[in-house]
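Visitor: I have a new model open and would like to learn how to read it. Could you walk me through a few features, with the general idea and then the case here?

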Amino acid sequence: MKFWKKASRIALAAMLVAGLTAGCGGGGGEKKAADAGKEIVVGVNAELTGNVANYGKSMLSGFELAVEEANKAGGIDGKKIKVVTADNKSEPSESGNAATKLVTQNKAIAVIGPATSGCVAAEEPVLTANKIPMIAPCATAPGITLQKDGKTKPFVFRACFIDPYQGDIMAQFAAKDLKVKKVAILHDSSSDYSKGLAEVFTKVFTANGGQITTDEAFLSKDVDFKASLTKIKATSPEAIYVPGYYEEVSKIIKQAREIGLTCPMLGSDGWDSPKLVEVAGKEACNKGYFTNAYTAEDKDPAVQKFVKAYQGKFNKVPDVFAMQGYNAGLILFNAIKTAKTTDGTKLADAIAKTKDLQVANGKLTYDEKHNPITTALVLELKDGKMTLNKKIGG
């Protein structure tokens with residue numbers, strides 16, 4: 001999701017590392033050895049420390065639940081799944097190093113993560129060179145699965161919907177459900193995630209007859225947004241779209257209410273964290289709406305089964321990143337069973353052919369670009385709680 005543009009430089013450096021490590025992992029003898037052993041080693045490259053550690057830790061916890069369930073059921077063809085982790089510290093510059101460790105030292109046959117798009121982009125050259133499939137549970141930037149020529153990267157998959165999809169959904173929701181005509185945008189100009197969402201929202205909202213009153217920008221890690229919010233207030237918007245991450249969004253919502261902006265606040269899946277309400281305040285978050293793939297309030301039996309299992313293990317309600325980490329595990333384990341091998345090329349082919357797989361939030365099928373066709377939601381914040389307002393698909 002985050003640091004996408006920054007990662008392009010780091011990915012180039014990672015290609016050099018990948019060239020050196022390509023003989024160390026890969027789909028050949030190492031995979032045959034893995035097939036013959038008593039364990040299946042799966043790596044997790046996660047943001048366990050740093051700016052978005054909440055995302056990485058939640059993603060890992062969900063995957064660990066999937067591993068626990070699979071191992072309790074006897075593993076895969078009698079082999080238990082062993083998890084090895086590497087901390088990318090929420091930095092693309094560390095993500096390639098983490099991937100190299102998982103491939104060369106830990107001999108992982110596949111990698112789950114990272115959570116953010118920039119860290120995924122930095123990891124990808126290492127894994128592709130070694131023919132190691134990866135599933136990015138939460139990375140929503142469209143380009144991570146595609147080469148520059150538009151062809152699909154054979155070893156890269158995701159377990160979440162892409163940014164254009166959720167930007168379109170929120171624009172349609174604003175125009176058709178909230179019936180607002182004038183929306184202001186406040187986006188993070190240092191994040192391709194935020195910029196891409198703002199672009200899609202603008203295109204779809206104006207196509208539905210809406211007007212963007214102003215498009216203001218901020219930078220990641222900013223703390224004072226009142227100057228931009230004051231400019232927005234002067235345009236008299238009926239709603240404000242803030243595609244971004246909870247660290248900045250929580251402060252933006254709080255400060256918007258403090259200067260008298262009472263209109264609905266609209267956002268994206270980066271809002272999904274308990275920290276949002278903790279920082280902004282329950283009352284300030286009222287009339288807040290954001291796109292997401294999951295809520296624990298969904299009464300779907302598959303969702304409730306997952307929530308109950310997660311609460312039993314971790315004693316807390318799972319967030320969307322935990323759900324997506326769990327789904328990534330289900331996708332990978334199903335592919336290993338289908339492929340009947342841990343050879344990287346054959347395993348990637350099996351993942352690509354995933355169709356109507358029952359996951360935590362519905363059924364999942366991959367399209368030709370390795371993006372899942374799955375459920376999307378609009379969640380509403382009411383008195384500090386995330387409630388289901390609208391469900392699309394699933």
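Guide: Let's begin with one lysine. K179 is exposed, with a relative accessible area of 61%. Keep in mind that this is a predicted model.

Visitor: Where is K179 found?

Guide: K179 sits in the loop that runs between α6 and β6 (182-188).

Visitor: And how do I read its backbone? What is phi of K179 near?

Guide: The general idea comes first. Most residues other than glycine have a negative phi, and most peptide bonds are trans. In K179, phi is near 60 degrees, a positive value in a residue other than glycine.

Visitor: Which other lysine has a positive phi, although it is not a glycine?

Guide: Look at K287, where phi is about 65 degrees. K287 is in the loop between α11 (282-285) and β10 (288-292). With 40% relative accessibility, K287 counts as partly exposed, whereas K179 is exposed.

Visitor: You also mentioned peptide bonds. Which peptide bond is cis?

Guide: Go to the bond from G113 to P114: it is cis, with omega near 0 degrees. P114 belongs to the loop between β3 (111-112) and α5.

Visitor: Back to the loop between α6 and β6. What does K181 touch there, leaving aside residues up to four places away in sequence?

Guide: K181 is found in that loop between α6 and β6, and K181 is exposed, with a relative accessible area of 51%. Not counting residues up to four places away in sequence, K181 touches F205, G210, Q211 and E238.

Visitor: Now helices. How do I describe a packed pair?

Guide: Two packed helices are described by the angle between their axes and the distance between the axes. Take helix α6 (residues 163-177) and helix α7 (residues 192-207): they pack at an angle of about 45 degrees, and their axes are 8 Å apart. The crossing of α6 past α7 is right-handed.

Visitor: Which residues make the contact of α6 with α7?

Guide: From α6 come D163, P164, Q166, G167, D168, M170, A171, Q172, A174 and A175, and from α7 come Y193, L197, V200, F201, V204 and F205. Sorted by class, the residues of this contact of α6 with α7 are eleven nonpolar, three polar and two charged.

Visitor: Let me try another pair. At roughly how many degrees do α4 and α5 cross?

Guide: Helix α4 (residues 92-104) and helix α5 (residues 117-129) cross at roughly 35 degrees, and their axes come within 8 Å. Here α4 passes α5 in a right-handed crossing. On the α4 side you'll find P92, S95, G96, A99, T100 and V103, which meet G118, C119, A122, E123, V126 and L127 in α5. The contact of α4 with α5 has seven nonpolar, four polar and one charged residues.

Visitor: Last topic: charge pairs. How many salt bridges does the structure hold?

Guide: Side chains of opposite charge can pair when their charged atoms come close. The structure holds nine salt bridges. One of them joins the side chains of K72 and E68, at 3.7 Å from N to O. K72 and E68 both lie in helix α3 (residues 53-72), four residues apart, or about one turn of the helix. K72 is exposed, with a relative accessible area of 68%, while E68 is partly exposed at 27%.

Visitor: What else meets E68 in a salt bridge?

Guide: K313 does, at 2.7 Å from N to O. This pair links distant parts of the chain: K313 is in helix α12 (residues 301-314) and E68 in helix α3, 245 residues apart. K313 is partly exposed, its relative accessible area being 33%. Put together, E68, K72 and K313 are linked in a network of salt bridges.

Visitor: And how far apart in helix α10 are E278 and K275?

Guide: E278 and K275 are three residues apart in helix α10 (residues 274-280), so about one helical turn separates them. Their side chains meet in a salt bridge at 3.9 Å, N to O. E278 is exposed, with a relative accessible area of 56%, and K275 counts as partly exposed at 39% relative accessibility.

How values were computed: Residues numbered from 1 in each chain as written. Predicted model: local features only at pLDDT ≥ 70, side-chain atom pairs only at ≥ 80, totals over all residues. Heavy atoms only, no water. Axes fitted to C-alpha atoms, helices over the stretch in contact; angles between N-to-C directions. Helix = DSSP H or I, 4+ residues; strand = E, 2+ residues; numbered from the N terminus. Left-handed = near helix turned anticlockwise from the far one by under 90°. Contact = heavy atoms within 4.5 Å. Nonpolar A, V, L, I, M, F, W, Y, C, P; charged D, E, K, R; others polar. Salt bridge = Lys/Arg side-chain N within 4 Å of Asp/Glu carboxyl O. Buried < 20%, exposed > 50% of the residue type's maximum accessible area, 1.4 Å probe, protein only.
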